[in-house]
Amino acid sequence: MTLAIVLAADPAAGHLTEPGRPAGEPLTERLAAQWRRAGADDVRIAADLTELADLVAAATGPVLVSGADLVAHTAVLKHLATSPVGPTVALVLTDPPAPGQATVREERGQVVEVDAVDATGVFGGALRVGAADLPALADAARRAAGAAPDAPDARLNDPASAPGVGETDGGPRNAVDRLVADLAARGTLIFAQRVRLLVAHRVGDEAQRAAAEAAVSAVDEDRAELKLSVKERDDFFTTFFVSTWSPYVTKAAARIGIGPTGVTMVSVAFAVAAAVLFGVGGRPALVAGAVLLYLGFVLDCVDGQLARYTRHFSAWGGWLDTMADRFKEYVVYAGLGFGATHAGFRYGWALALAAMTLQTVRHMTDTWYGALHDEAARRPKVVTAEAGGIGGKLNAASTRVQADTGSVSYWLKRTVVFPIGERWALIAIAAALFGPLVALVAVLVWGTLAFAYTGGLRTLRARWMRVPVMATVDAGLHRDDGLLARTLPTTRRPLLLAVLGALGAAGTLVWALLAVHGGGDLPVFVPVLALVLLLGAAQASRAPHDGSLDWLVPAALRAAEYLFAIAVGVAGRAPAWLIFGYVLVLTLHHYDLTARLEKRQSAPPLHAATLGWPGRSLLLAIGLIAGYASIALATLGAYLLVVFVASVVLAWVVLPARARGGVRSPG
């Protein structure tokens with residue numbers, strides 16, 4: 001249950017009135033009614049911070065808090081209440097701060113400092129606090145109550161309520177601003193909810209209230225919400241060739257009652273149909289496949305736009321969107337690989353495998369570099385000797401380019417990294433005009449260049465940031481080590497060992513390709529040596545991952561496992577489609593882990609049953625040495641697929657149903 005509290009302790013609560021209402025009627029009633037329309041289950045008006053603390057202490061779900069000086073569209077409050085970015089979210093405005101209002105500095109969507117010298121906005125007087133942060137909110141309210149101007153003695157021995165939390169340079173701080181300042185001082189992770197296209201202002205007198213009301217009335221709320229369903233910043237192809245008309249599809253889907261999950265499923269069907277047509281070959285089929293692929297990508301954008309427009313967010317929906325995107329892309333690679341092979345090119349499936357492996361490893365670096373940036377944003381800025389070095393200069397240059405939206409350099413930077421829109425556009429155009437083989441080669445060439453570009457720049461910037469992101473998460477879980485790794489002795493240098501494992505697997509694959517091409521067999525000592533290197537990488541499972549480049553470890557381990565599995569398949573002369581299928585199952589398992597990291601979900605219910613990458617590699621090596629590589633790939637792949645499906649059902653159907661006391665499918 002969601003509780004909304006309007007705090008009537010600020011001066012605005014006593015003298016701002018509603019138009020057409022009796023003089024002296026407080027604005028708090030209007031805000032309370034708006035919170036109800038925004039979806040709050042229970043709405044209370046708290047006379048002071050002490051009463052607010054008591055209400056928060058009794059709450060069991062998220063709590064919405066606002067001051068009494070906020071004039072805004074109801075949609076602004078609804079967006080705050082339903083924001084999917086994090087459990088605790090604060091409204092941030094661009095208005096100049098008034099006396100008593102807290103300024104904030106935000107980075108990567110996080111409020112990293114309150115009352116910063118280099119503030120990027122002003123606190124909007126409203127916040128949503130997640131259930132895990134409610135004890136901190138209740139304590140902050142009690143501390144702030146003691147920091148009130150009429151109770152100065154209560155602050156003398158209370159660092160959290162020292163000046164800067166209870167006061168500002170302009171005088172006593174507003175009550176709700178004290179709360180957000182105290183939460184930030186405690187290190188609470190607070191995300192920023194910016195207001196775009198809609199209107200929200202904090203007002204201090206009747207003239208400001210009248211101006212704010214006029215601004216609210218001048219904006220069509222529904223039209224603004226439809227525009228807001230489109231990402232503020234997207235990639236070039238998506239911005240100019242999809243988002244220009246996809247909102248109309250979003251509006252139609254909302255009217256007929258199709259949910260985001262339904263749109264995702266239709267998008268998957270379009271991508272599968274495109275893959276089939278690419279496999280069939282022939283100019284009409286290739287052109288039709290390209291059109292379906294484009295329409296599937298449009299629907300891929302629409303599902304997110306529909307979720308934002310209808311405010312129907314869920315952990316299940318976010319997870320499904322991530323998993324469906326990868327499945328669609330890799331099914332298309334399979335169709336292209338089959339089509340290229342069917343057209344007479346011997347290594348069509350090999351190209352498809354290379355594209356899938358490359359893209360997955362790229363995504364792993366994207367995920368962990370994003371986590372690195374988030375961790376860096378939350379940490380105090382430390383000036384080092386390298387602050388003016390190449391890493392610092394690259395960071396400053398990137399910030400300038402990102403701020404110059406619409407410039408040529410901005411669009412080049414967003415395009416050169418080869419995002420999903422550009423990938424799907426390239427596949428569609430190349431397949432329609434030149435065929436599956438050219439499409440795969442184009443994806444590999446651009447993808448490799450993009451990987452080299454982003455990998456090099458990110459490595460330099462990461463060394464400059466010096467943030468050990470892997471030290472802040474469950475490294476064993478996200479390395480996907482399994483039981484075998486935990487039984488091995490521990491050694492340090494996780495990145496070096498992971499890279500050596502990847503190089504050993506790559507060397508084994510090259511040797512296997514040369515041996516098979518020459519009509520011979522792979523010597524037994526080669527996969528054994530590669531397995532030794534892999535198990536050496538596993539020995540770093542329990543070692544500290546506190547290096548500035550250890551965010552690269554998961555990607556290096558993914559590359560090592562995939563390359564070793566492909567080498568086993570090649571050396572054992574397994575069918576190419578079987579090798580592709582096995583690696584596809586592995587990617588689904590690993591994307592499950594990264595999607596859960598991004599959505600702040602716990603480990604999959606059956607994660608231990610997946611054996612870990614060292615255990616899987618060991619089983620494949622045994623199968624190869626015994627002469628049953630194909631059987632090992634097929635059996636282990638089928639087993640992992642069953643575990644993956646069972647884990648999904650448990651995580652998103654069975655366990656939530658038990659928690660609700662009934663059975664119902666996610667949606």
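Predicted model: local features only at pLDDT ≥ 70, side-chain atom pairs only at ≥ 80, totals over all residues.
**Aromatic pairs**

Across the whole structure, a search finds 21 aromatic pairs. One of these pairs joins Phe 237 and Phe 241, whose ring centres are 5.3 Å apart and whose planes meet at 20°, so the pair counts as stacked. The two residues are four places apart in helix α9, which covers residues 236-241, and this spacing amounts to about one helical turn.

A second aromatic pair, between Tyr 369 and Trp 551, is tilted, with 5.3 Å from centre to centre and 55° between the planes. This pair links distant parts of the chain, given that Tyr 369 belongs to helix α14 (residues 348-378) while Trp 551 sits in the loop between α22 and α23 (553-571), 182 residues apart. Tyr 369 is buried at a relative accessible area of 6%, and Trp 551 also counts as buried, at 2% relative accessibility.

Ring pairs also build a cluster, which links Phe 236, Phe 237, Phe 240, Phe 241, Trp 245, Tyr 294, Phe 297, Tyr 410, Trp 411 and Trp 424. The stacked pair of Phe 237 and Phe 241 therefore has both of its members in this cluster. A contact of another kind involves Arg 326, which lies over the face of Tyr 591, at 5.9 Å from the ring centre.

**Salt bridges**

Side chains of opposite charge can pair when their charged atoms come close. With a cut-off of 4 Å between a side-chain nitrogen of Lys or Arg and a carboxyl oxygen of Asp or Glu, the count comes to 26 salt bridges.

| Salt bridge | N to O distance |
|---|---|
| Arg 186 and Asp 139 | 2.7 Å |
| Glu 206 and Arg 209 | 2.9 Å |
| Asp 235 and Arg 414 | 3.5 Å |

In the salt bridge between Arg 186 and Asp 139 the closest N and O atoms are 2.7 Å apart. Arg 186 lies in the loop between α6 (175-185) and β11 (190-194) and Asp 139 lies in helix α5 (residues 134-146), so the pair ties together parts that are 47 residues apart in sequence. Arg 186 is partly exposed, with a relative accessible area of 33%, and Asp 139 is likewise partly exposed, with a relative accessible area of 29%.

The pairing of Asp 235 with Arg 414 has its closest N and O atoms 3.5 Å apart. Asp 235 is in the loop between α8 (221-228) and α9 and Arg 414 is in helix α16 (residues 408-416), so this pair ties together parts that are 179 residues apart in sequence. Both partners count as buried, Asp 235 at 11% relative accessibility and Arg 414 at 17%. Salt bridges that share partners also join Arg 105, Glu 107, Glu 113 and Asp 118 into one network.

**Buried elements**

Thr 103 lies in strand β6 (residues 103-107), and at 15% relative accessibility Thr 103 counts as buried. When residues up to four places away in sequence are not counted, Thr 103 touches Pro 97, Glu 113, Val 114, Asp 115, Ala 116, Ala 119, Gly 121 and Val 122. Helix α4 (residues 74-82) is mostly covered, with seven of its nine residues buried, namely Thr 74, Ala 75, Val 76, Leu 77, His 79, Leu 80 and Ala 81.

**A nonpolar patch on the surface**

On the surface, Leu 496, Val 499, Leu 500, Leu 503, Val 524, Val 528, Leu 529, Val 532, Leu 533 and Ile 625 form a nonpolar patch, which together has about 830 Å² of accessible area. Helices α21 (494-517) and α22 (525-538) each supply at least two residues of this patch. One of the patch residues, Val 532, lies in helix α22 and counts as exposed at 51% relative accessibility, because the cut-off for exposed residues is over 50%.

Note on methods. Residues numbered from 1 in each chain as written. Heavy atoms only, no water. Patch = residues over 30% accessible without salt bridge, like charges linked within 9 Å, V, L, I, M, F, W, Y side chains within 5 Å. Areas by Shrake-Rupley, 256 points an atom, 1.4 Å probe, with all protein chains shown as cover. Buried < 20%, exposed > 50% of the residue type's maximum accessible area, 1.4 Å probe, protein only. Phe/Tyr/Trp six-rings, centres within 6.5 Å; stacked < 30°, edge-to-face > 60°. Lys NZ or Arg CZ within 6 Å of the ring centre and 35° of its normal. Contact = heavy atoms within 4.5 Å.
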